[in-house]
Amino acid sequence: MSATDAAHRWNSIISLATLGTNRAQSAPDWPSEDLPLPAGTTERTLLRAAAVSYLRQISGTRIAPVAIAPEEPAPTVEGKLVSENAAWRLARMLNGEHRNLVPEWFALAARGGWVLPPHWLPVVLDRLQVGERVSATPVLGQRAVWLANRNPEWKVSGDAHQPSEERWVNGTLAERRLELAAMRAIDPAAARTWLQGTWQTDPPDARAAFLETILQAPGLSDLDEPFLESALDDKRKDVRTAAVECLCRLPSSALARRNLERLDPLVTLDAQSGGLLGKLKKRRLTIRLPDTLDKASVRDGVSAKPPAQHKIGERAYWLMQMVSMASPAHWCERFNCDIETFLDAALATDYATDLLLALCEAARRHRNAQWIKALCNRLLLGPDEVESQDIARRILPTMIVAAPTESRDAILGQLLGAARAHQIDLLQPALIAGEVGWSADTTQRAFKLLEELAMEETHSGAVVRITFADWGSRADVPTAAVAMNRLLSRCSDQSPWRNALEKLNASIEFRTAIRQELLT
Amino acid sequence: MLRVEQLAPDGAAIKAAHGVAKPAKWKSFGRGEHLLWGECLGSGANPYQVRVDLTDAACKCSCPSRKLPCKHALGLLLLLASGATVPQASPPEFVQEWVAGRAKRAEAKETRASAPAGPADAEAQSRRVEKREARVETGLAQLEGWLSDVVAQGLAATRVQPPQFWSQMAARLVDAQAPGLARRVRELSELAVAGDHWQSQLLAGLSRLQLLIDAYRRIDKLPAPLAAEVRTLIGWTQAQEKLLERAGISDQWHVLGHRQSQEDKLRVQSTWLSGAESGRIALVLEFAVGSQPLSPALRIGQVIAAELVYYEGVPPLRAVIKQRIKDEPSRHVLPAAVDTKTLQTRFAALLAENPFVERWPMVLGPVKISIQEGRTYFTDLSGRRIAASPNLRHGWLLDSLAGGGPLAVFGLWDGHLFDPVSIEHSGQLFSLAHIGELPVLSKVA
């Protein structure tokens, strides 16, 4: 019997069995002339025939060769291969253990020139988040590129998003914002041309959203001013507000100039007196509130009425909005003074808190690192009252986030140096907000405060101890390891701090282990 | 580190173990020549007392965890593996008690094994055998009726049956003391809901059950080895004590693969060995109920000089290690591999001897990996291609490892699908493993 016959016979028995002997009209053929047909019911005969056919079919058929298309072999893996121990650790991390440290693992591995062995790549490629992919590329090596050609799910989207005009014109609002941001990053002028092309027909929500994108994406410049200025007359308030936000960040814009023209006559700082005594004398800031609010001011983004929960007079509110729009650097230039002098004078006025908040907003808008640093200090060292402490707790994290990334550590370090132990919970939100690693110095200061706080067993207060575990991913590892050893040896087993400290220590130890395994 | 992690019952246990794998967590710890112990500070008032025998990784802890090894024992092993200084000392009382207890139990087992069966025993035993024969007969009759029903209703109807349809039949076979048949019925239930070619696979399984029933009824007419095989397939066990009295095969046994699986409430540890001189392949099984520990597996790549005794079978496969003589240097290669055609021819020859063979361990190679629609395929040099089981989750790992080049694969062939257990790639061995749910290829160090 040929192989085709065997397969054919097997298939016909399968059809019969699938249907069932109750319904099938025909009885199964007995497949063999050599074997006697055993007596029995139709069902048993079918099963016995199936057994014979199956065994014949499986023993008798052979897989036919197929022509294999020649494949591109993978490039040989070059570079130092990550050890198996280190790779197991990475897999454990991707599986959920200290998941937040994955980017750090890749940064360290890349710095050491390590490459992952090929048999780990799919585990990693399946679980890396899009944002983590680019920094991981050198560690994944050439084999990952080869693999991505075989599994499109792993296509490296490392190169920047290529903007498409088609999607800009026809996409959903979210897609259009992505396209606009991508184009803005490559060619700001072309992005503006896109925007002006559809502006007249875009619905108000979309117009507001696009200006929001212009504000957030890089590339905002004086060249955008004429377009943004025209948006100040938009019918929708959201659009006007967004345009103001963009324009007040351009110090040479007409809006910024108009704002200063209104603001400058209202704020004066005494000239520096001559002589030695005069140098020691504090300079005095005089504030005059605006009498009226004209239409031009409203057009430039000054709201007439303060929000209901904001306890401030209307006229003071107008002034503070103007202050918050002006670049803080303006004050030092105009009065020829340093930041501290101006702040001393401002905080000596009757409007101290309102001015502080307005200047904070100005510093955030203009991302002025020096002003942010000075203002953070003032927030921290403000009067020891509940209200000003609450303001500090609320405002400090926003200041850190607004500061340029490279200046955040220095600001945190300074704050930690100035803080008293019990203020650490006030700083905590700010410490965690800045997604940046701490220098050894900052780490040292942070742990010194933590140690003081943890040893002061009586202080229980409202400190949420477990949030300190978040330091684990930010602290400088060698410094923190030393500090942790000391801290744990001093902290008793019964201490309410024990649990939080152990948790913090666990991530420091984990990061130490990562470093040891990726030593060059 | 890797080996400790592979002892863990699950991923959560590894994670928890890393939490206690630091000196600060321990009130005390120490080690003797082959013992490791410690007192772990936990949430309770008293520290948990942990004892580990390093020779076979047996362990005991006073904690209430049902996992074995528990996180404390794993943590202590990790601590040792991480290079922490563990002081040498003489074991404290709680360790000595445990060691003494273990020795006593082992001795009792030995005595039981060597005690000669008296004449009274023999009589009682033959009565037990008769009783069991009768039960098995009843079970076979029930199974035969059930098989006929399935075929009468049609295979299509089984797809909508609830799981109880299969599990109840399996349970009746367990009651009838035919656990081998029960296992086959349970495996059928998975085929009925599986994807492609399910009818073919299901009918093959059902028809071979009928064949097995027929064979058992005519067991007197079968050649002795096949008769023994059929009895084993039904579920009669061969007494290990009797086997150990026979002379075995002394050889350099090379560990090719290792796997743990769950069968009902039983955990099964399978280890495949290949004799360097005899060229024979052997499967050593170990079972544990519930949280009972399994003795640590022989490592893949390990070579032991040992005497193995095969269970009766056609051809013999399952074996027991009678005597382990000494450890030889590890070998990180697989023995001679065959191509797809030879694989099929050998399997056909096996079926000619024993039509009940379900799967057989083989080394396939050199093969190239390809993946289509999530399915992994092995293609040999002649372009003949076979598929891996559809639930294989290591396909891309194999593809990445091979990088378009050839691999040798040790695994199980069932006539349709190849189920890989371990891999050789340029002089390196890898086993298919998991971290929690994550599939990984573990490189054999």
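**Group meeting: a sheet, a helix and some domains**

Hi everyone! Let's start in chain B, where four strands make an open sheet in the order E1-E2-E3-E4, with antiparallel pairing. At the edges sit strand E1 (26-31) and strand E4 (58-61) of chain B, each of which pairs on one side only. On average, neighbouring strands of this sheet are turned by 10 degrees against each other, direction ignored. Please keep in mind that this is a predicted model.

Now let's look inside the sheet. How many bridges join strand E2 of chain B to strand E3 of chain B? There are six, between residues 35-40 of E2 and residues 48-53 of E3, and the two strands run antiparallel. To find one of the pairs on your screen, go to Gly38(B): its bridge partner in E3(B) is Val50(B).

The sheet has a neighbour, too. Helix H3 of chain B, residues 71-81, packs on the sheet and touches E1, E2, E3 and E4 of chain B. The direction of H3 makes about 60 degrees with that of E3(B).

Next, another helix of chain B. H8 covers residues 179-193, so to speak 15 residues, and reaches 22 Å from its first C-alpha to its last, close to the 21 Å expected at 1.5 Å a residue. Which residues of H8(B) are buried? They are Leu181(B), Ala182(B), Arg184(B), Val185(B), Leu188(B) and Ala192(B). Looking down the axis of H8(B), you see these buried residues within an arc of 160 degrees, so they line one face of the helix.

Finally, over to chain A. This chain is divided into domain 1 (3-60), domain 2 (80-154), domain 3 (165-250) and domain 4 (437-520). The C-alpha centres of domain 2 and domain 3 of chain A lie 37 Å apart.

Conventions: Residues numbered from 1 in each chain as written. Chains lettered and ligands numbered in written order. Predicted model: local features only at pLDDT ≥ 70, side-chain atom pairs only at ≥ 80, totals over all residues. Domains from an automatic or database assignment. Expected span 1.5 Å × (residues − 1). Buried ≥ 20, exposed ≤ 12 C-beta atoms within 10 Å, placed from the backbone. Arc of directions from axis to C-beta. Pairing = 2+ DSSP bridges. Axes fitted to C-alpha atoms, helices over the stretch in contact; angles between N-to-C directions. Contact = placed C-beta atoms within 7 Å.
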